[in-house]
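Colleague: I want to learn how to read a model like this one. Can we take it feature by feature?

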Amino acid sequence: MSSYLFVPGNNPGMVQSAQVFGASGIIYDLEDAVSIKDKDSARDLLKEYLKTTMFENVYIRINDIFELGKEEINTFDHLAISGYVVPKASVNVMNEVKKYTNKLLIPIIETPEAVLTMKEIGEFENVSGMLLGGEDLATNIDVVRTEDDIELLYARHKLVMVCAYLGVDSIDTPFTDTDNDETLEESVKYSKAIGMSARSSIHPNQIPIINEIYKPTLEEIEFATKVIKAAEINDSGVFSVDGKMVDLPVIIRAKNILKKVKDYAKV
Amino acid sequence: MKTSQAGTIESNDTLIIVSPSDKLIVEISSIVFDKFGDAIKSVILETLKEHDVVCKVVVQDKGAYDYTIKARLTTALRRAHNE
């Protein structure tokens, strides 16, 4: 999973075309992208749409679990969705969500409390990944979002470490300037470089850029293939490929790259 | 029941207005009426039957699929009874 696309839940044109943009996951949004007066309308629309379709990796961002969220889970839990994206995640919120569903969960880390209790939030059963909510987090620590996201430095790196430790996806915050592809590219390259396993997006035009950057390069695939072949015929723990030392961590990375190639082939 | 509406007149959507009536009235205007007018009416009638409601329904369709028409009518009916 390298790209998640947020799709406004009350827009039929966007809802029904979301699958064509190549995102590895779709997040139908009932929260920030839907006005208060249309929450009921969006819920009805998504319910009827999801009855007619069956796609992999479809999530719904619910509203606050203590307000509309519970009713939303009850509406969608019997449908063929992967799970829910949980806003304003905290241990308390996750405990409440778990009362109503056994589907996969992606908590959004968007408060100082969530940053500090990230590991406890991620340890809940069925958490498949955690998503950094950069806009809300910046607001909650009373800073302005910058192009280089320096204000998110600690939360971003901590998310990578905690998710790697727990074996779940680390999903970076959306890049909200939809007219700035150049900076988007730099930002996504940074996400990949620090170990984020995916990037989320609020605009379909950003998905090909994210996928292209996250896709293993031809050089990486060729080297990984050589490593795996050499590992099969080498009994010793350490050997050499193209003049580079190969040991267990390199073999594991090679396997991960070839697994990503298979995942991309599915998309 | 009070007059209520749901949906929009944006592309792929449909605006549905329901209002009290002793008899069933369905008025449809659609950019695809010639080809899909009967199908739209059929979805409206089926949905009204599911909700066991007799009322007036005015549909301004902008090329919505069946699921959208059903969803917008369902929302309009709930609003008509709840608000």
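Colleague: Let me begin with one residue. In which strand of chain A is Tyr28(A) found?

Modeller: Keep in mind that this is a predicted model. Tyr28(A) sits in strand S2 of chain A, residues 25-29.

Colleague: Is Tyr28(A) buried or exposed?

Modeller: Count C-beta atoms around the residue; 20 or more within 10 Å means buried. Tyr28(A) has 28 such neighbours inside 10 Å, so it counts as buried.

Colleague: Which residues does Tyr28(A) touch, not counting those up to four places away in sequence?

Modeller: Tyr28(A) touches Val7(A), Gly9(A), Val15(A), Leu46(A) and Ile60(A). Look at Phe6(A) too. It is 22 residues from Tyr28(A) along the chain, yet their C-alpha atoms are separated by 5.9 Å.

Colleague: Ile60(A) makes me think of the core. Which residues touch the most other members of the largest nonpolar core?

Modeller: The general idea comes first. In soluble globular proteins, nonpolar side chains tend to be buried together. Here the largest nonpolar core has 63 residues. Ile60(A), Val86(A), Ile109(A) and Met130(A) touch the most other members. Helix H2(A) gives the largest share of this core, 5 residues.

Colleague: Now the strands. In which sense do S6(A) and S7(A) pair?

Modeller: Strands of a sheet pair through backbone hydrogen bonds, either parallel or antiparallel. Strand S6 (residues 129-132) of chain A and S7(A) pair in the parallel sense, over 3 bridges. Gly129(A) stands opposite Asp169(A) in S7(A). S7(A) is also joined by 2 bridges to strand S8 (residues 198-201) of chain A, and these two run parallel. There, Asp172(A) has Arg199(A) as its bridge partner.

Colleague: What about the two faces of S7(A): which residues are buried on each side?

Modeller: Strand S7 of chain A covers residues 169-172, and both its faces are covered. Asp169(A) and Ile171(A) are buried on one side. Ser170(A) and Asp172(A) are buried on the other.

Colleague: Let us turn to chain B. What is the strand order of its open sheet?

Modeller: The order of the 4 strands is S1-S2-S4-S3, with mixed pairing. Strand S1 (4-6) and strand S3 (25-30) of chain B are the edges, each pairing on one side only. On average, neighbouring strands of this sheet are turned by 10° against each other, direction ignored. S2(B), residues 14-20, and S4(B), residues 55-61, pair in the antiparallel sense over 7 bridges. Leu15(B) stands opposite Gln60(B) in S4(B).

Colleague: Which strands does helix H1 of chain B lie across?

Modeller: H1(B), residues 33-51, lies across S3 and S4 of chain B. The helix runs at about 145° to S3(B).

Colleague: How many residues of chain A are in contact with chain B?

Modeller: 10 residues of chain A contact 13 residues of chain B. On the chain A side, helix H1 (12-17) and helix H2 (39-52) each supply at least two residues. H2(A) supplies the largest share, 7 residues. By class, this side has 3 nonpolar, 4 polar and 3 charged residues.

Methods. Residues numbered from 1 in each chain as written. Chains lettered and ligands numbered in written order. Predicted model: local features only at pLDDT ≥ 70, side-chain atom pairs only at ≥ 80, totals over all residues. Pairing = 2+ DSSP bridges. Axes fitted to C-alpha atoms, helices over the stretch in contact; angles between N-to-C directions. Contact = placed C-beta atoms within 7 Å. Nonpolar A, V, L, I, M, F, W, Y, C, P; charged D, E, K, R; others polar. Core = buried A, V, L, I, M, F, W, Y, C linked by C-beta atoms within 7 Å. Buried ≥ 20, exposed ≤ 12 C-beta atoms within 10 Å, placed from the backbone.
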